[in-house]
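Please look over the sequence and the structure shown here before reading on.

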Amino acid sequence: MRSELALLVLEDGSVFPGRAWGARGRTLGEIVFFTGMTGYQETLTDPSYHRQIVVMTAPHIGNTGVNDEDPESKRIWVAGFAVRDPARRASNWRSTRSLDEELCAQGIVGICELDTRAVTRHIRSQGAMRAGIFSGDALPAGAEHLGEQVREALVRIVVDQPSMSGAALAQEVSTNESYVVEAVGDRRARIVAVDLGIKSRTPEQLAERGIEVTIVPNTVTFAEITALNPDGVFFSNGPGDPASADHEIELLRAVLDAGIPYFGICFGHQLFGRALGYGTYKLDFGHRGVNQPVKDLQTGRVEITAHNHGFAVDAPIGEPSIAPFDSGRYGRVAVSHVGLNDGVVEGLRALDIPAFSVQYHPEAAAGPHDGEHLFDRFCTMILDRASTGAPEGESEND
């Protein structure tokens, strides 16, 4: 017996048929595609995918099932999940249940037997846009024939949802209460990590280096941070438009003004750019996958990196320049990394204050390990400042 019909509907009127998978019903969000061959469980549980329908470009998804060790948070955050060929059975010694069972248990509406290649090519051509998956009782009568009235009704539902531009989503994914990830072995330092949608592997990376990490809500104040007497401050990845994060940007400026070492990734990178006075803009279809080449402009090294972002920082590539905010209040800044696929700014390095950021995900969950050395760099920055007591920036030879 064939499974039920499901429809993927885009705001431009495009409709792609498939079969219901996971929970049945209706889900809405921005449609994006993920180019990694692996890592679907980490992707599903990454809070940065909040309010997004993720299309997997790899054709076979679910082969290794689901386990309790790989999630990056306590729940699935994607709004919807779209694949071509779901695994008929899970086959891995670590698996405890199938991906389909997990989607159903968490109420995640999915679609399978979808022409994901056609959908991806469409997004690459037309850009990321609002979309919806409809199945079960959410499909109107006559949906099998997809008449014009049915199409118009479904498209109208899709376009009535808010756009990702201007969306402030950090508070929807951030922790409500602070908690601590203890250092592994002897504690060398302590930092405060502002949770904008943090993945669990990030504080684990720092803890493995002897850093005690206190994760705090995105609503934290600077006074609350300083009361913890941190040796450094970290801003995490997360969803939404960086232009909407006024509180977080002002908080970050207070951190920079105090000379506290700072490291930001993904959303934390975009907020660092805005705190320095640069603009941000929405990419046509973003970068999402575990196979994105990024060049370190200081060393010339090319790293294969994990990405999940739809916005980018508009900063000048080339020689260091004075950060524009408040007539150069933060001194000189250099673009440290660029994406080799499209030249997007992938890293910023302050030369006169102890602060840097990268757009990609160095925690390697899921993804390559090429960027893990950035956690070592942050630790070195923290320990160097602690030993000298001076809030100096990095030298150009670091």
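The sections below describe a predicted model, taking a helix pair, a leucine and the cysteines in turn.

**Packing of α8 and α9**

Two packed helices are described by the angle between their axes and the distance between the axes. Helix α8, spanning residues 246-257, packs with helix α9, residues 267-275, at an angle of about 75°, and their axes are 9 Å apart. Because angles of 65 to 115 degrees count as roughly perpendicular, α8 is roughly perpendicular to α9.

On the α8 side, the contact involves E248, I249, L252, R253 and L256, which meet L271, F272, R274 and A275 of α9. The residues of this contact comprise 6 nonpolar, no polar and 3 charged.

L206 belongs to helix α6, which covers residues 201-207. Its relative accessibility is 1%, so L206 counts as buried, the cut-off being under 20%.

Neighbours within four places in sequence set aside, L206 is in contact with I191, I211, V213, F375 and F378. Between L206 and P47 the separation is 159 residues in sequence, and their C-alpha atoms are 19 Å apart in space.

**Cysteines**

A disulfide is a covalent bond between the sulfur atoms of two cysteines. A search of the whole structure finds 0 disulfides. C112 accordingly takes part in none, and the nearest cysteine sulfur, belonging to C104, is 11 Å away.

With a relative accessible area of 5%, C112 is buried. C266 is also buried, with a relative accessible area of 2%.

Methods: Residues numbered from 1 in each chain as written. Predicted model: local features only at pLDDT ≥ 70, side-chain atom pairs only at ≥ 80, totals over all residues. Heavy atoms only, no water. Axes fitted to C-alpha atoms, helices over the stretch in contact; angles between N-to-C directions. Helix = DSSP H or I, 4+ residues; strand = E, 2+ residues; numbered from the N terminus. Parallel < 35°, antiparallel > 145°, perpendicular 65-115°, else oblique. Contact = heavy atoms within 4.5 Å. Nonpolar A, V, L, I, M, F, W, Y, C, P; charged D, E, K, R; others polar. Buried < 20%, exposed > 50% of the residue type's maximum accessible area, 1.4 Å probe, protein only. Disulfide = S-S within 2.5 Å.
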